[in-house]
Amino acid sequence: MTSADLLSAGKKRFNRHDLRRLSDAIEFAEIAHQGQFRKSGEPYVMHAYATAQTLLTLGMDIDTVVAGVLHDVPEDTAYTLGDVEKLFGLTVAKLVAGVTKLGKLKYRGLERYVENLRRMFVAMAEDVRVMIIKFADRLHNLSTLGSLPPDKQLRIARESLDIYAPLANRLGMGDIKGQLEDLAFPYVYPQEYAWVTSLLGTRYETLHSVIDVMTSELTSSLAKAKIKPLSIHGRRKHLYSLYEKLLRPEYDRDLSKIWDLVALRVVLKNVNDCYGALGIIHQLWRPVPHRFKDYIAQPKPNGYQSIHTTVFGPGGQPVEIQVRDEVMHQLAEFGVAAHWHYTESGKPVAAAKVEDKLAWVKELADWRQDVTSDEQFLEALKIDALQKRIFCLTPTGDVIDLPELATPIDFAYHVHSELGNHCVGAKINDALVSLDTALKSGDVVEIMTDKNRKVPNHDWLELAKTQTARGHIRKALREAGQEIGSDPTP
Ligand code: MN
């Protein structure tokens, strides 16, 4: 990555004024980092360019890209944050300050990392772009881990797997999450990594040649029907997520049970074109029975939209095809970063949907008032932020987003604090269950209430897994004048 590469990538995106700011930033970084080298022997400034380049690929705005170029200046050079502000303005300086504050604390397991996590959430709540720069920075650091000593490699890779990847996932940035995991995978689990790669052998190569044939057939059939796709490309499943899938009981470490190793992804201008393309796809290749899902008409509970179908491709090879429009694609791949994106026709990508993906960060910022001790904060974070999410439904079909292991108590309080306070029992999919039952994605949860019941049980503080539910329970107990016992919240 050279300054010329970065500039020419910038040319495709920015107007003259913005491009000028980018080239000024490059010139400044070049001077500031002069004489500095990475462990790999590369000039230090290459790292700054690689970070900025990733931010460009993510479709970020000029301030973020410039901040990417300058992100290590105050920490590692003779120039200060004040210099950055004078030359590049307050917004860039704030972003750089945010990244610098996230700091250089060495990761030695979650327990000793609480303060840094706290800082991350404060930074994210203020401006999520800080975290996006941090992801870009981390991606390049991971890709150059090879030149570091083994203990450092392991520490950085583990932090990426434990903290960065789950956060990227929570921000809807699926592709970044996949890249972070794949780069960290061989350092954290070398044997498992070797197992998955040997299992794969040349499967990817074989599948890609099938995908290539299908791409050209589909391109010409769409052209005959006057449908212009924005892109048709093969998407390869990320290695680490393949590994996690193989470990699930239903796959039983058997690669032949996994059908989406490579999928053909078709991105179109609008929903009409999606259905048009689907008709053409099913005429070209016979669909595999029971492998069709229309998540456009019926989005997944997390908001994901696409049509998925599996067809018998050339040579009878089953291939999954994913059909979606531009906005669906940007949201699925880039998550919150899509906030800074525009469609081909120059419209901003659905801002409301991006806001949804950020709602939990705001919630986290609110906790800061409620959560006092480090242990509490860590516990809350582990569950509410770093754990996988499940999506449960109310009897009327509203979706409630919860962490894995959440119980009906959490569900009730996430719907409404009063529903929680009046709760006397719960049904999952019409069957009566105890209040400590762990919910699963797709469960329809009905909370039974008694209006005479006003105060929650003290034990519910144990049953509730989320900070939101615990906060409401504590509040109701306090208002009823009950002792909260050992709980340190005043
Ligand atoms: Mn850096």
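Helices (H or I, at least four residues) and strands (E, at least two) are DSSP runs that are numbered from the N terminus. The structure described here is a predicted model, in which local features need pLDDT of at least 70 and side-chain atom pairs count only at pLDDT 80 or more, while totals for chains, interfaces and linings use all residues. Residues are numbered from 1 along each chain as its sequence is written, and side-chain values use heavy atoms, with hydrogens and water left out.

**Confidence of the model**
- The mean pLDDT of the protein (pLDDT being the predictor's confidence in each residue, from 0 to 100) is 89, and 96% of the residues reach 70 or more.
- Among the elements of the protein, helix H4 (residues 62-70) has the highest mean pLDDT, 98, whereas helix H17 (residues 351-370) has the lowest, 70.
- The pLDDT is below 50 over residues 486-490, a stretch that has 13 contacts in the model beyond near neighbours in sequence, where contact means heavy atoms within 4.5 Å.

**The manganese site**
- The manganese ion has as its protein donors His47 (NE2), His71 (NE2), Asp72 (OD) and Asp137 (OD), which lie 2.1 to 2.3 Å from the ion; donors are N, O and S atoms within 2.8 Å of the metal (3.2 Å for Na, K and Ca), and water is not among the atoms, so sites may look incomplete.
- Along the sequence, the donor residues of the manganese ion follow the spacing H-x23-H-D-x64-D.
- Distant parts of the chain are linked by the pair of His47, in helix H3 (residues 45-57), and Asp137, in helix H9 (residues 129-143), which are 90 residues apart.
- His47 and Asp137 are both buried, a term that means under 20% relative accessible area, with exposed meaning over 50% and partly exposed in between (1.4 Å probe, protein chains only).

**Helix H9 and its surroundings**
- The axes of H9 and helix H10 (residues 150-170) come within 11 Å and cross at roughly 145 degrees; axes are lines fitted to C-alpha atoms, for helices over the stretch in contact, and angles run from 0 to 180 degrees between N-to-C directions.
- In this contact, Met131, Lys134, Phe135, Arg138 and Leu142 of H9 meet Ile156, Ala157, Glu159, Ser160, Tyr164, Leu167 and Ala168 of H10.
- The residues of the contact of H9 with H10 comprise 8 nonpolar, 1 polar and 3 charged, where Ala, Val, Leu, Ile, Met, Phe, Trp, Tyr, Cys and Pro count as nonpolar, Asp, Glu, Lys and Arg as charged, and the others, Gly among them, as polar.
- Leu139 also has its place in helix H9, and this residue counts as buried because its relative accessibility is 6%.
- Not counting residues up to four places away in sequence, Leu139 touches Thr54, Ile176, Gln179, Leu180 and Leu183; the C-alpha atoms of Leu139 and Gln179, 40 residues apart along the chain, are separated by 7.5 Å.

**Loop residues**
- Most residues other than glycine have a negative phi.
- Lys226, although not a glycine, has a positive phi of about 60 degrees; Lys226 is placed in the loop between helix H13 (203-224) and strand E1 (231-236), and counts as exposed because its relative accessibility is 75%.
- Asn429 has a positive phi near 45 degrees and lies in the loop between strand E8 (423-428) and strand E9 (431-433), where Asn429 counts as partly exposed at 43% relative accessibility.
- Glu404, in the loop between strand E7 (399-403) and helix H19 (408-415), counts as partly exposed at 35% relative accessibility.
- Leaving aside neighbours within four places in sequence, Glu404 is in contact with Gln387, Lys388, Arg389 and Ile390.
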